[in-house]
Amino acid sequence: MQNSYKTIHVAAAIICNEDRIFATQRGYGEWKDFWEFPGGKIEPGETPVEALRREIREELDTEIAVGEKLTTIEYDYPEFHLSMDCFLAEVVEGRLELKEHEAARWLHKDELDSVGWLPADRTIIEMLKNR
């Protein structure tokens with residue numbers, strides 16, 4: 001079987017509020033019902049930070065302040081390679097209104113294992129628990 005392995009570049013927001021982290025549940029596609037950090041594809045000409053602000057505005061009707069870049073996760077899914085820049089963020093304005101996701105939860109660090117994360121997102125959980 002031949003695999004035309006394309007790379008998808010995305011940015012993800014680790015939205016924090018005190019000791020809680022915001023998680024969203026996918027409402028569509030092959031990975032429906034899995035949990036993820038919100039964000040999305042970086043469009044041509046955009047920086048990861050610009051993409052993240054745009055995606056959060058589109059998906060959650062919220063303005064965020066993007067802070068420290070935690071890491072870049074490289075993960076091989078069966079159909080593509082994911083390169084995900086992960087940034088700490090906080091809400092500046094808005095109510096995190098779900099426009100594309102099925103559900104969302106604020107999770108304390110000790111609750112991060114209580115949802116079924118997408119495989120790439122799971123790789124950052126241990127890092128967040130130890131912060």
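**Exercise 1.** Find which residues Arg-54 touches, not counting residues up to four places away in sequence.

*Solution.* Arg-54 touches Lys-41, Glu-43 and Glu-46 under that condition, where contact means heavy atoms within 4.5 Å. This is a predicted model, in which local features need pLDDT of at least 70, side-chain atom pairs count only at pLDDT 80 or more, and totals for chains, interfaces and linings use all residues. Residues are numbered from 1 along each chain as its sequence is written, and side-chain values use heavy atoms, with hydrogens and water left out.

**Exercise 2.** Determine whether Arg-54 is buried or exposed, and list polar contacts of its side chain.

*Solution.* Step one: Arg-54 has a relative accessible area of 17%. Buried means under 20%, exposed over 50%, and partly exposed in between, with a 1.4 Å probe and protein chains only. Arg-54 is therefore buried.

Step two: the Arg-54 side chain makes a polar contact of 2.6 Å with the side chain of Glu-46, and one of 3.2 Å with the side chain of Glu-55. A polar contact is a pair of N or O atoms within 3.5 Å; within protein, one must be able to donate a hydrogen and the other to accept it, and residues adjacent in sequence count only if both atoms are side-chain atoms.

**Exercise 3.** Classify the aromatic pair of Trp-31 and Tyr-77.

*Solution.* Step one: rings of Phe, Tyr and Trp (its six-membered ring) pair if their centres lie within 6.5 Å; planes under 30 degrees apart are stacked, over 60 edge-to-face, the rest tilted.

Step two: the structure holds 6 aromatic pairs. In the pair of Trp-31 and Tyr-77, the centres are 5.2 Å apart and the planes form an angle of 70°, which is edge-to-face.
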